[in-house]
Amino acid sequence: MGELFKDVPKIKYEGKDSRNPLAFKYYNPEEVVGDKTMAEHLRFSVAYWHTFTGEGVDPFGMGTMVRPWNSLQDPMELAKARVEAAFEFMQKLGVEYFCFHDRDIAPEGETLAETNRNLDEIVALIKEKMEETGIKLLWGTANLFAHPRFVHGAATSPNADVFAYAAAQVKKALEITKELGGENYVFWGGREGYETLLNTDMGLEQDNLARFFQMAIDYAEEIGFTGQFLIEPKPKEPTKHQYDFDVATVLSFLRKYGLEKYFKMNIEANHATLAGHTFQHELHLARVNGVLGSVDANQGDMLLGWDTDQFPTDIYTTTLAMYEILKNGGLHSGGLNFDAKVRRASFEPVDLFYGHIAGMDAFARGLKVAHKLLENKVLEEFVAERYNSYCEGIGKDIVEGKVGFKELEEYVMKNDQITNTSGRQEMLESIVNQYIIEV
Ligand code: XUL
Ligand code: CO
């Protein structure tokens with residue numbers, strides 16, 4: 001089809017004084033921050049589904065997106081044009097990773113065998129493009145929620161034939177993720193949840209979900225797929241109650257079934273806020289439990305109660321997110337995947353660039369602020385000091401397991417006049433603001 005985004009040149013870093021909307025103001029891929037370049041820290045990824053497959057449909061109206069490939073009728077021709085578009089887009093943007101669901105990249109056929117043949121054809125084309133451009137696959141996944149067969153769920157469906165179908169689909173998705181050198185494989189719980197407990201055997205459904213994960217682990221081992229398995233928590237939508245509600249729920253699920261050593265988490269900002277948490281809370285909880293694997297970088301709208309998947313532009317949030325990521329020693333095989341879509345009214349192809357530039361600049365700025373906060377040990381020293389009572393005396397004895405209730409009562413009998421110190425929340429918030437403004 002030739003060049004598809006004709007009016008858009010390669011996006012360059014022009015610095016904070018630039019007024020060119022098609023340029024980065026903060027994201028300078030080569031710039032070194034601490035011990036790595038920005039590109040190495042941030043590992044940005046484009047989400048195939050929103051950017052190349054999404055049409056801008058909402059419950060009140062049809063698709064609005066104007067795309068250079070819209071005129072193609074044949075589903076395989078359309079799929080091929082999207083591959084061309086994806087690689088042109090990612091090269092122009094300077095993003096090195098992408099993520100996809102199996103059904104984003106190739107259409108379903110009449111049978112599973114035909115669907116798999118469609119996939120193979122497109123995967124071969126994607127592989128060629130990856131070799132040509134050096135762009136890599138951050139993660140692959142399977143869409144186990146869109147087709148009507150998954151109306152009651154996939155691995156948690158009451159219908160065993162659906163469980164089997166989902167297994168066959170994930171088997172193939174693992175194979176193509178391996179074929180394309182995918183660094184991770186994601187399970188987002190699609191329709192794995194329930195609408196009403198009046199018709200649901202939650203115990204069996206959760207046992208089956210664990211069985212399904214174990215089968216995926218076994219098959220990955222069999223084919224030599226060594227990428228990281230990730231679970232992406234979300235509390236609701238599409239089902240009223242999703243089993244992978246939040247980080248805490250997923251951790252307890254994994255531990256119950258002895259699966260914890262095989263999984264890390266893919267934390268999505270909008271899912272965190274839907275669960276009543278901040279993005280930082282979910283990243284922090286995953287980090288302190290050693291399971292912060294990757295990030296779906298987006299933001300929700302606090303006035304709307306659903307998963308709006310907007311491009312992340314809130315620098316306060318990206319700063320605190322990057323703070324957690326730096327404290328995690330980076331994302332390792334994970335990355336910052338823009339699971340984000342342009343608004344339905346931002347329907348021109350160039351809006352796809354504006355959305356990603358906004359997100360990349362917001363995270364680049366967040367990275368620099370977070371790095372400075374850490375370098376100057378601004379919060380670190382305050383937190384260390386706040387818990388200092390556990391480094392000596394009775395606190396040290398508690399931590400080292402040397403005392404029980406009897407010894408503690410004995411201690412308190414002699415030391416029952418408590419002195420507390422201020423938590424200084426407002427002072428700390430003000431310092432974070434100062435860094436955001438000045439760095
Ligand atoms: C849905 C969602 C998914 C996953 C991949 O809310 O975030 O797109 O990221 O299946
Ligand atoms: Co997501």
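For sorting lining residues, Ala, Val, Leu, Ile, Met, Phe, Trp, Tyr, Cys and Pro count as nonpolar, Asp, Glu, Lys and Arg as charged, and the others, Gly among them, as polar. By that scheme, the lining of the largest pocket here splits into 20 nonpolar, nine polar and 18 charged residues.

This is a predicted model, where local features need pLDDT of at least 70 and side-chain atom pairs count only at pLDDT 80 or more, while totals for chains, interfaces and linings use all residues. Residues are numbered from 1 along each chain as its sequence is written, chains are lettered from A and ligands numbered from 1 in the order in which they are written, and side-chain values use heavy atoms, with hydrogens and water left out.

**Overall build**

- The protein chain has 16 helices and 14 strands; these are DSSP runs numbered from the N terminus, with helices being H or I of at least four residues and strands E of at least two.
- With a radius of gyration of 24 Å, close to the 22 Å that the globule rule gives for 439 residues, the protein chain is as compact as a globular protein of that length. The radius is taken over C-alpha atoms, and the rule is 2.2 Å times the number of residues to the power 0.38.
- Along its principal axes, the C-alpha trace of the protein chain covers about 85 × 60 × 45 Å.
- Buried residues account for 49% of the 439 residues in the protein chain. Buried means under 20% relative accessible area, exposed means over 50%, and partly exposed is in between (1.4 Å probe, protein chains only).

- Glu232 and Asp296 are both buried.

**The largest pocket**

- On a 1 Å grid over the protein atoms alone, a pocket is an open set of points with protein on both sides within 12 Å along at least five of seven lines, a cavity is a set where a 1.4 Å probe fits but cannot get out, and lining residues have an atom within 4 Å of a point.
- The largest pocket holds about 1,500 Å³ of space. Its lining takes in 47 residues, and the closest to its centre are Trp49, His50, Val57, Asp309 and Lys341.
- Volumes here are the space filled by probe spheres set on the grid points, which are joined across faces, edges and corners.
- Helix 3 gives the most to the lining of the largest pocket, with four residues.

**Enclosed cavities**

- There are two cavities of 30 Å³ or more in the structure.
- The largest cavity has about 120 Å³ of space. It is lined by 15 residues, with Leu144, Phe187, Trp188, Gly189 and Glu192 closest to its centre.
- Strand 8 gives the most to the lining of the largest cavity, with four residues.
- By class, the lining of the largest cavity has 10 nonpolar, three polar and two charged residues.
- About 50 Å³ of space lies in the second largest cavity.

- The peptide bond from Glu237 to Pro238 is cis, with omega near 10°. Pro238 is in the loop between strand 10 and strand 11 (241-242).
- Glu237 has a positive phi of about 75° although it is not a glycine, and Glu237 counts as partly exposed at 30% relative accessibility.
- His332 also has a positive phi, about 55°, without being a glycine. The loop that holds His332 runs between helix 11 (315-327) and strand 14 (336-338).
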